[in-house]
Amino acid sequence: MRSIWNGAISFGLVSIPIKLVNATESHAISFRQIHTEDNGRIRYRKVCELEDREVSQAEIGKAYEDADGTMIPISDEDLSHLPIPTARTIEIVAFVPADRIDPLQMGAAYYLAAGGAQAAKPYTLLREALKRSNKVAIAKYALRGRERLGMLRVVGDAIAMHGLLWPDEVRAPEGVAPDEHVTIRDKELDLADALMDTLGEVDLEDLHDEYREALEEVIAAKASGEAPPESPAPAAGGKVLDLMAALENSVRAVRESRGAEEDAEVRQLRRGASAPKETGARKSTSTRKTPAAKKAAPARKSTSKAGEGEAKKTATAKGAAGKKTATKKTASRKRTA
C-alpha cells in the first residue's frame with residue numbers, strides 16, 4: 001500500500017516513525033460525462049482568468065482569498081513551517097475508553113505502518129499498551145492543510161487511526177425528532193422486539209453491494225449489444241394505518257421467508273432428546289405433537305386398564321380391605337394416564 005503521509009507518533013518522549021496509508025478503498029463504479037449527441041468526452045480545463053489560457057498542474061499553487069478579493073499566496077514551504085507540533089507528528093494527547101467516542105465524529109480510516117526497523121520496538125510497545133489498557137489514544141495531527149483530531153486503536157497486529165471531527169463540527173439533533181406526543185404501548189414494543197429477534201444477527205462479511213452488481217450486469221449487457229435486464233416490479237405499496245398490524249405482518253413475513261430453515265432445525269431438535277429449548281417462533285413450533293406422541297397416548301391408557309383388571313382380581317382374593325386399596329390405586333392410575 002502506498003503511503004500518503006510520512007511522520008512520527010509522539011508518545012510522551014517516545015517518537016515512532018510511521019507511514020500513513022489508507023485503510024479503506026472504494027469499489028463504486030464511476031462514470032464519465034459525455035456529449036449525448038456524439039458520445040464525446042466532456043473535460044474540464046484549468047484556465048487562468050488573467051491570461052485566458054489553460055495552465056498545467058505544475059503552474060498551479062494555492063492562495064487564501066481575503067475579504068476584499070486579494071489573493072494571498074501560500075506555498076507548501078509556508079505550511080511546513082507552521083508553529084505547531086503536529087505539522088509532521090501525530091501527537092497523542094490522551095487515552096480514553098472507546099465508548100467515549102461518538103460515532104458521529106468518526107471519519108476516514110488509516111493504517112499506521114512502522115517507518116523502518118528502528119520503529120519496530122516503540123511501535124509494538126504502543127500497540128501492546130493499547131491492547132492491555134482496553135483504551136484508544138486521542139491524537140492531533142496536520143493533514144492536507146489543516147490540523148485534525150484522530151483516534152488510534154489496535155486492528156489485528158497493526159495500529160489504525162480514525163480521523164475525528166472536532167466536537168464543534170458535529171451538529172446537535174435539534175428539530176429532528178417529531179414534535180408530536182406519541183404513546184407507545186407495551187404490546188407494540190413486544191412486537192418490535194419479536195421482529196428484531198426474528199431478523200436476528202448478521203455476519204457483515206455476508207453483505208455485499210447488490211446495486212453495484214446490478215450496475216455491472218447493465219454495463220456488460222450494453223457492451224455486448226444486448227438489452228439490459230429488466231428491473232423487478234416494485235412491491236405494491238399502501239398507507240400503513242395500523243402499526244400493530246404492520247409489525248405482526250412483518251414478523252409473519254420474515255418467519256415464512258425463513259420457514260424451510262426453521263423446519264429443518266426443529267426436526268433436528270425432535271431427533272435429539274437432550275436438545276435445549278429455543279425461544280420465540282422455534283419454541284412454539286417444537287411443542288407440536290408428533291405422530292409418535294399421539295400413538296404413545298393410547299398405549300398408556302391400555303396399560304392403565306390392564307393394571308385396573310389386575311387390581312380387581314387382587315381385591316376379590318384379599319377381601320373388602322384389599323378392594324378399597326386397589327380402587328384408590330386404580331383412580332390414581334387413571335388420573336396419571
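Reader: Hi! How many bridges join strand β1 to strand β9?
Author: Three bridges join them in this predicted model. Strand β1 covers residues 3-11, strand β9 covers residues 89-97, and the two run parallel.

Reader: Switching topic! Where is Ile-72 found?
Author: You'll find Ile-72 in strand β8, residues 71-74.

Reader: What is Ile-72 in contact with, leaving aside its neighbours within four places in sequence?
Author: Ile-72 then touches Ala-63, Tyr-64 and Asp-66. As for Lys-62, its C-alpha lies 8.6 Å from that of Ile-72, and the two residues are 10 apart in sequence.

Reader: Why is Ile-72 called partly exposed?
Author: Because its relative accessible area is 37%, and partly exposed covers what lies between under 20% for buried and over 50% for exposed.

Reader: Okay, what about Val-182, buried or exposed?
Author: Val-182 is exposed, because its relative accessible area is 54% and the cut-off for exposed is over 50%.

Reader: Where is the place of Val-182?
Author: Val-182 sits in the loop between β13 (158-164) and α3 (186-199).

Reader: Which residues form a nonpolar patch on the surface with Val-182?
Author: Ile-184 and Leu-189 do, and together the three have about 270 Å² of accessible area.

Methods. Residues are numbered from 1 along each chain as its sequence is written. This is a predicted model: local features need pLDDT of at least 70, side-chain atom pairs count only at pLDDT 80 or more; totals for chains, interfaces and linings use all residues. Side-chain values use heavy atoms; hydrogens and water are left out. Patches are made of residues with over 30% relative accessible area and no salt bridge: like charges are joined within 9 Å, nonpolar side chains (Val, Leu, Ile, Met, Phe, Trp, Tyr) within 5 Å. Accessible areas come from the Shrake-Rupley method with a 1.4 Å probe; for residues, only the protein chains shown count as cover. A salt bridge is a side-chain nitrogen of Lys or Arg within 4 Å of a carboxyl oxygen of Asp or Glu. Helices (H or I, at least four residues) and strands (E, at least two) are DSSP runs, numbered from the N terminus. Buried means under 20% relative accessible area, exposed over 50%, partly exposed in between (1.4 Å probe, protein chains only). Two strands pair if DSSP finds at least two bridges between them. Contact means heavy atoms within 4.5 Å.
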